[in-house]
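User: Could we go through some helix packing? Please begin with the terms.

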Amino acid sequence: MNAAAARARGGPQTIEPIVVGVDGSGSSLRAVDWAADEAALRGVPLRLVYASLWERYEGESLAEDVGKPSEQVRAEDIVRTAARRAGLREPGVPVSTAVLPEEPEYALVREGRTACALVLGTRGRSGVVELLLGSVSLAVAGHADCPVIVVRGASDNRVRAGTGGRVVVGVGEQGAESAALRFAVREAALRRATLEAVRAWRCPAHESTDHPLLAGEPARLHEQQAADVLEQALKGLPADVDLRRDTVEGPARRVLLNASHGADLLVVGARRHRGHRGLQLGRVAHAVLHHSACAVAVVPEPV
């Protein structure tokens with residue numbers, strides 16, 4: 001039984017950890033730093049997971065000195081090093097580790113079922129210079145049941161608290177019912193940061209008019225509708241939230257990418273359709289994962 005099921009049945013509750021995928025790459029070590037800070041802010045444990053199908057490539061060959069596949073030996077060294085790094089960064093955070101002989105995507109998605117969040121880097125240790133997000137991070141963000149934070153951008157790799165930071169959230173059609181909005185509110189509160197709620201809007205070309213008395217009227221109408229949606233979504237927020245509202249004309253992808261500059265975290269929702277096995281991200285989440293200037297949190301939105 002996972003933690004959510006235990007709560008629903010009134011059973012004993014466990015503290016859900018922050019889970020971070022590690023593989024020895026610089027990108028995954030940045031994710032460890034971020035995850036350690038996040039765990040400290042939330043007061044939860046940190047779990048470091050290395051997953052690889054090394055047996056597929058090494059077969060039965062064993063390292064002579066320890067009697068284990070050499071990739072497993074390397075993996076255990078990687079997680080020990082990452083655990084030391086996390087312990088030095090946040091000494092008060094309990095750390096556990098796991099080395100799993102599985103496909104990383106499947107292992108991390110499963111680990112996410114009993115986690116409060118998954119934290120990942122943008123690329124693996126292949127040494128190939130990637131222009132796009134790593135396949136593991138993309139697959140996990142598209143399937144996980146919990147929020148997935150992908151550490152990217154040119155930040156100082158620290159989850160800030162009390163330094164005047166900014167958490168940006170895209171407000172979609174789900175409004176106040178949005179899991180992404182609730183996540184963003186909590187993240188901003190933990191960091192004592194400004195919450196910037198953004199609603200993008202567009203005026204269809206066929207609604208424009210050349211009449212001088214009506215010039216700009218369709219655009220004002222769409223902007224007002226966006227402002228109304230935003231206000232409705234935010235009206236139940238706690239009064240102590242440091243809130244900034246933005247309605248911006250343009251495609252949501254472009255608007256949110258622009259807002260990511262200088263932000264500590266960008267939060268977007270991704271709808272999860274029951275029974276659907278394919279990648280469930282949506283165009284907006286897919287775009288910001290690839291091009292955001294800051295870390296991105298993808299939060300599942302049940303449909």
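Analyst: A crossing is right-handed if the near helix is turned clockwise from the far one, and left-handed if it is turned anticlockwise by less than a right angle. Helices are DSSP runs (H or I, at least four residues), numbered from the N terminus. The model is predicted: local features need pLDDT of at least 70, side-chain atom pairs count only at pLDDT 80 or more, and totals for chains, interfaces and linings use all residues. Residues are numbered from 1 along each chain as its sequence is written, and side-chain values use heavy atoms, with hydrogens and water left out.

User: Which hand does the crossing of H2 and H4 have?

Analyst: H2 and H4 cross in a right-handed sense. H2 covers residues 26-42 and H4 residues 70-89; their axes (lines fitted to C-alpha atoms over the stretch in contact) are 9 Å apart, at an angle of about 40°. Angles are taken between N-to-C directions and run from 0 to 180 degrees. H2 is therefore oblique to H4, a label for angles that are not under 35 degrees (roughly parallel), over 145 (roughly antiparallel) or 65 to 115 (roughly perpendicular).

User: Which residues meet there?

Analyst: From H2, Leu29, Val32, Asp33, Ala36 and Asp37 meet Ala82, Arg85, Ala86 and Arg89 of H4, contact being heavy atoms within 4.5 Å. Five of the contact residues are nonpolar, four are charged and none is polar. Ala, Val, Leu, Ile, Met, Phe, Trp, Tyr, Cys and Pro count as nonpolar, Asp, Glu, Lys and Arg as charged, and the others, Gly among them, as polar.

User: Now H7. At what angle do the axes of H2 and H7 cross?

Analyst: The H2 axis and that of H7 (residues 179-191) cross at roughly 85° and come within 10 Å. H2 is therefore roughly perpendicular to H7.

User: And what makes that contact?

Analyst: H2 contributes Trp34, Glu38, Leu41 and Arg42, while H7 contributes Phe183, Arg186, Glu187, Leu190 and Arg191. Four of these residues are nonpolar, five are charged and none is polar.

User: Which residues of H9 and H10 meet?

Analyst: On the H9 side they are Ala252, Arg253, Leu256 and Leu257; on the H10 side, Arg283, Val284, Ala287, Val288 and His291. The contact of H9 with H10 has six nonpolar residues, one polar and two charged.

Note on methods
Helices (H or I, at least four residues) and strands (E, at least two) are DSSP runs, numbered from the N terminus.
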